[in-house]
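User: Please take me through some labels used for this model. I want the value and the cut-off behind each one.

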Amino acid sequence: MNQHTDGIVTASREIAAPAETLFALIADPAQQPRWDGNDNLADAAPGQRVRAVGDVFVMTNQNGAVRDNHIVAFTEGREIAWRTAPHGEQPPGHQWGWQLEPLANGTTRVTHTYDFTALPAEQEKRLAKARLMTPEKLLASIDRLAALAEEGGHS
């Protein structure tokens, strides 16, 4: 299932790996550049594993920009979402999220969402960039995540 509605972009697919394995890759910011399908993330310091709503992890993008990522949803092994902001600032309103649904056959349905419905209209530059996100770009991250998890590459 892939969708792009006004302000919300989603992509979903089944992955032949347990939810716990996938979640470990998503919730550890140091692993995120390995599965980022947009090739936007450069690195994150180790030891920032997300554990609860309210946690903040710091990531550096390929262009050198440092971003604070504020956790707004968290259920261990099932759901994680964060709002990103320039380092030291409050999030302007766009959110990245992941939902993992273990299936009876041992696989996991993974849904990746980008929601920019809370971006203020006066932030036209950010809105213009947000509108460029597509389900295909989200699916690229899911596909890379799948390749890492299916090969056991979460080290």
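Analyst: Aspartate 39 counts as partly exposed, at 47% relative accessibility. This is a predicted model, where local features need pLDDT of at least 70, side-chain atom pairs count only at pLDDT 80 or more, and totals for chains, interfaces and linings use all residues. Residues are numbered from 1 along each chain as its sequence is written, and side-chain values use heavy atoms, with hydrogens and water left out.

User: Why is aspartate 39 called partly exposed?

Analyst: Buried means under 20% relative accessible area, exposed means over 50%, and partly exposed is in between (1.4 Å probe, protein chains only). Aspartate 39 has 47%, so it is partly exposed.

User: What is the phi of aspartate 39?

Analyst: Near 50°, a positive value in a residue other than glycine. Most residues other than glycine have a negative phi.

User: How many aromatic pairs does the structure hold?

Analyst: Five. Rings of Phe, Tyr and Trp (its six-membered ring) pair if their centres lie within 6.5 Å; planes under 30 degrees apart are stacked, over 60 edge-to-face, the rest tilted.

User: What makes the pair of phenylalanine 23 and phenylalanine 74 edge-to-face?

Analyst: The ring centres are 5.6 Å apart and the planes are at 65°, so the pair is edge-to-face.

User: Why is phenylalanine 23 called buried?

Analyst: Its relative accessible area is 1%, so phenylalanine 23 is buried. Phenylalanine 74 has 16%, so it is buried too.
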